[in-house]
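Here is a walk through one protein model. Keep the sequence and the coordinates open side by side.

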Amino acid sequence: MKYFTQLKAALFFTSLLPLLRLGWLGYFSQLGANPIEFITRSLGTWTLVFLLLTLCVTPLRHLSGWIWLIKLRRIVGLFAFFYASLHFITYIWLDQFFDWQAILKDIAKRPFITLGFSAFVLLIPLAATSPKAIMKRLGKHWQTLHRAIYLIAVLGVFHYLWLVKKD
């Protein structure tokens, strides 16, 4: 049990490394010619990485027989939400400066943003229902709700691919 607690702590701190890297690069003015775009894309990429890692836990558990992996999935999923939230905030605040008319124009001009926003909105109830007490209260409905992760991952992948294809 002691080793598992240490493993969870190591996973937690390792999951913060992408954010620390951004802070480091920002501190030393290494974010490139368009720092807001660099930050937004980096946070979006890490959101997708954590989403896909979340989806890898169950197959890896089945293939390896390591039942304990399932206990790490929540941390990875919550970090997906954490990076998605930072990605969203960066877009709304730093990129658009809360200019809702500009955001609506941007959505009309670049519909891949709609996919990303949809994925983010769907992530919110998953993060909100991750505590064990809520899991117990929801019972079998919790698992039904959390199956939305598959749709979220598809939306996230298409959001990313559509963005990359446009570039």
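The text moves from the overall fold to one helix, then to the cores, a loop serine and the aromatic rings.

This is a predicted model, in which local features need pLDDT of at least 70, side-chain atom pairs count only at pLDDT 80 or more, and totals for chains, interfaces and linings use all residues. Residues are numbered from 1 along each chain as its sequence is written, and side-chain values use heavy atoms, with hydrogens and water left out.

Start with the fold. The protein has 9 helices and 0 strands. Helices here are DSSP runs of H or I with at least four residues, strands are runs of E with at least two, and both are numbered from the N terminus. The C-alpha atoms fill a box of roughly 50 × 40 × 30 Å along the principal axes. Of the 167 residues, 32% count as buried. Buried means under 20% relative accessible area, exposed means over 50%, and partly exposed lies in between, with a 1.4 Å probe and protein chains only. Contact means heavy atoms within 4.5 Å. Among contacts between residues at least 6 apart in sequence, 66% join residues at least 24 apart.

Now follow helix α3. It covers residues 35-64, 30 residues in number. From first C-alpha to last it reaches 41 Å, close to the 44 Å expected at 1.5 Å a residue. That expected span is 1.5 Å times one less than the number of residues. α3 bends by about 30° at valine 57, and proline 59 follows within four residues. The bend is the angle between axes fitted to the seven residues ending at a position and the seven starting there. Val57 is one of the buried residues of α3, which also include Ile39, Leu43, Phe50 and Leu51. After the helix comes glycine 65, with a positive phi near 80°.

Which residues touch the most other members of the largest nonpolar core? They are Phe50, Leu51, Leu123 and Ile152, in a core of 21 residues. Such a core is a set of buried Ala, Val, Leu, Ile, Met, Phe, Trp, Tyr and Cys residues joined through side-chain atoms within 4.5 Å. Two or more residues each come from α2 (17-27), α3, α4 (70-95), α6 (112-128) and α9 (148-166). α4 gives the largest share, 6 residues. Apart from this core lies another, of 6 residues, among them Tyr91, Ile92, Ile113 and Leu163. Back at leucine 51, contacts beyond its neighbours within four places in sequence are Ala80, Leu123, Ile149, Ile152 and Ala153.

Serine 130 sits in the loop between α6 and α7 (132-138). Is this serine buried or exposed? Serine 130 is buried, because its relative accessible area is 9%. A polar atom of its side chain lies 3.0 Å from the backbone oxygen of alanine 127. Leaving aside neighbours within four places, serine 130 is in contact with Arg74, Leu78 and Met135.

Turn last to the rings. The structure holds 16 aromatic pairs. Rings of Phe, Tyr and Trp (its six-membered ring) pair if their centres lie within 6.5 Å; planes under 30 degrees apart are stacked, over 60 edge-to-face, and the rest tilted. Phenylalanine 79 and phenylalanine 82 form an edge-to-face pair, 5.8 Å centre to centre with 85° between the planes. Both lie in α4, 3 residues apart, about one turn of the helix. Phenylalanine 79 is buried at 7% relative accessible area, whereas phenylalanine 82 is partly exposed at 29%.

How values were computed. Polar contact = N/O pair within 3.5 Å; in protein donor to acceptor, adjacent residues only side chain to side chain.
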